[in-house]
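Subject: Structure handover

Hello,

Here is the structure for your files.

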Amino acid sequence: MNLFESMGLRSEILEAIQEIGFEKPTPIQEKTVPFLLESDQDMVALAQTGTGKTAAFGLPIIQQIDHTVNSPQALILSPTRELALQIAADLNQFSKNLSKLNVAVLYGGSDIRKQIKDLEKGAQVVVGTPGRTFDLIRRKKLKVQGIKWLVLDEADEMLSMGFKDDLDGILEDTPKEKQTLLFSATMPKEIVTIANKYMTDPHEISVGKKNIGADNVEHHYYLVHAKDRYVALKRIADINPNIYGIIFCRTRAETKDVADKLMKDGYNADALHGDLSQAQRDHVMSRFRTGHLQMLVATDVAARGLDVNDLTHVINYNLPDDPEVYIHRSGRTGRAGKRGISITLIHMREKGKLKDVERKIGKQFAKVAVPSGKEICEKQLFNLIDKMEKVEVNNEQIEPFLPVIYKKLAWLDREELIKHFVSVEFNRFLQYYENAEDINVDETFERESQRGERSNKRGREDRMRGDRGRGRGGNYNYSRFFFSLGKKNGVSKRTIIDLINQNMPGKSVEIGSIEVLKGFSFFEVDQRYEKELTKAFKNARYKGQRVGIELANKKK
Ligand code: AMP
């Protein structure tokens, strides 16, 4: 007997959940299902999205619905249309072996007449967003005086979306004798107020595990300068050719911007945000759900209710201010026993914020280096080869073309032929990454510079990239200069970078390696600036002291 079987659920329901593939109850189901089957006490459950809440309240409610009565017995309120539809679909699945359950789904932005018809057909369960539900109650089309169960799903989201008045209105209209079940990921004051006002001595449940997939999620961060965020995102996408994930952005404008850039750069991506019409949102979501879209760039609000189980990645384009938001986002991957990766792009000043999130999730982030061009090319190449090996060859269809093809390619031997085929797909990457810079932030350098002089920071950062770029496959020819001052004059690497900045205003000169010795130093700069720099340093001074530079030996 598995755990579901020991909970007192009917065999028809057990069969249905077995067919769906639920093998054992999630922690919240373990606590909620037996309780709701036996008790009519109110209940408050602290539970995140993805914990299996729908079955937790859905299974016991379905079991207890009176199928002979064709009027609303359960009212389930959810913050978004998508979540409402998902809940209704789940309830239909759970009850598929029972006599037909009438479920009506009510949400705004859609034809109200159709929803009224669904209600008139004798809906036993009503799932709705608060606004439309209250509207239909006021129009006297939805009668909630006979309900036995009221479920407030994602109550905190409903409040933060401004549904407080609608909720109050609906709750006032429901009968006193009913069982109210409130699910919320967080317990702000307003939720406690609602619980106190509308619930009687609620039984409290909290699921320690934030998410059924939480253990399967790895948390990674990439440290980059803010201006390199997009480049880093592209590299992450390129090093994961089979990525299937959501990229969370802070604003609609950023969402649009990132999605537009990705599409322009040839990625299979699209945007989901509040500026889209409902039809456009539906279209994007359906392409994403069916796997036709690999990357969905979305705001938190727009992605609510989008329930996809096998995401490989969640990418936080920025670290969210509220750790709870991070938990919600990362809980969208690593579900249903699969592994998932939650990636966050941060800059130096956000490291403290990252610690807050770590404390909250009880896990540490792993720092991952933004992959180099070479690493990406390697990955893409092997992915391509792998795809080629696994491709299903339709012999019958291809047969008639082969003689001509063989003839045309007869001049190429096996090795050449492979090279040509691979290059068709692969040249794009080779070209793009040919001169790829290292965009990882050098933490030691950044810490030093945060402590010390802050002048001309931007220029330093740009130039430092040159320094590292060279070491990691950047593409600069450098000239090596002798510099007349050294450590004993108080000179550091940063002094030299600042002096170059000051004396070459408005120029972004790439700087290579810098060596500061006791009485003098050496530095490298992009060869193209050799003459200009020599001239610019003619009258250069450091702390009032004249400095001299002179070309050492040229170096490629
Ligand atoms: P929910 O929190 O209800 O949105 O559920 C999150 C996801 O977990 C949904 O895709 C469910 O299908 C899935 N799920 C719920 N309960 C179980 C279970 N007992 N075993 C495996 N998957 C589950």
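The notes below go through the sheets, the helix pairs and the aromatic rings.

Please keep in mind that this is a predicted model.

If you want a place to start on screen, find Ala74, which stands opposite Trp149 in strand 5.

A second open sheet to look at has 4 strands in the order 16-17-15-20, with antiparallel pairing. Here strand 16 (511-516) and strand 20 (549-551) stand at the edges; each has a single partner strand, so one side of each is left without a neighbour in the sheet. The twist in this sheet averages 25 degrees from one strand to the next.

Strand 15 and strand 17 run antiparallel and are joined by 6 bridges. Tyr478 stands opposite Asp526 in strand 17. Helix 22 (residues 493-503) packs on this sheet, where it touches strand 15, strand 16 and strand 17. The direction of helix 22 makes about 135 degrees with that of strand 16.

Aromatic rings

The structure holds 12 aromatic pairs. One of them is formed by Phe482 and Phe522, whose ring centres are 5.9 Å apart with the planes at 70 degrees; planes over 60 degrees apart count as edge-to-face, so this pair is edge-to-face. The pair links distant parts of the chain, with Phe482 in strand 15 (residues 478-483) and Phe522 in strand 17 (residues 521-526), 40 residues apart. Strand 15 and strand 17 are also the two joined by the 6 bridges mentioned above.

Helix pairs

Helix 16 (residues 373-390) and helix 19 (residues 414-433) pack at about 165 degrees, and their axes are 10 Å apart. Angles over 145 degrees count as roughly antiparallel, so helix 16 is roughly antiparallel to helix 19. The crossing of helix 16 with helix 19 is right-handed. On the helix 16 side the contact involves Gly373, Ile376, Cys377, Gln380, Leu381, Leu384 and Ile385. These meet Val422, Glu425, Phe426, Phe429, Leu430 and Tyr433 in helix 19. By class, the residues of this contact are 10 nonpolar, 2 polar and 1 charged.

Helix 6 (residues 130-138) and helix 8 (residues 164-173) pack at an angle of about 45 degrees, with axes 9 Å apart. Helix 6 and helix 8 are therefore oblique to each other. Their crossing is left-handed. Helix 6 contributes Pro130, Gly131, Thr133, Phe134 and Ile137 to the contact, and helix 8 contributes Asp166, Leu167, Gly169, Ile170 and Asp173. The contact of helix 6 with helix 8 divides into 5 nonpolar, 3 polar and 2 charged residues.

Helix 14 (residues 323-330) and helix 15 (residues 351-361) pack at about 65 degrees, with their axes 9 Å apart. Helix 14 passes helix 15 in a right-handed crossing. Pro323, Glu324, Tyr326 and Ile327 of helix 14 make the contact with Val357, Lys360 and Ile361 of helix 15. This contact has 5 nonpolar residues, no polar ones and 2 charged.

Regards

Key
Residues are numbered from 1 along each chain as its sequence is written. This is a predicted model: local features need pLDDT of at least 70, side-chain atom pairs count only at pLDDT 80 or more; totals for chains, interfaces and linings use all residues. Side-chain values use heavy atoms; hydrogens and water are left out. Axes are lines fitted to C-alpha atoms, for helices over the stretch in contact, and angles run from 0 to 180 degrees between N-to-C directions. Angles under 35 degrees count as roughly parallel, over 145 as roughly antiparallel, 65 to 115 as roughly perpendicular and the rest as oblique. A crossing is left-handed if the near helix is turned anticlockwise from the far one by less than a right angle, and right-handed if clockwise. Contact means heavy atoms within 4.5 Å. Ala, Val, Leu, Ile, Met, Phe, Trp, Tyr, Cys and Pro count as nonpolar, Asp, Glu, Lys and Arg as charged, and the others, Gly among them, as polar. Two strands pair if DSSP finds at least two bridges between them. Rings of Phe, Tyr and Trp (its six-membered ring) pair if their centres lie within 6.5 Å; planes under 30 degrees apart count as stacked, over 60 as edge-to-face and the rest as tilted.
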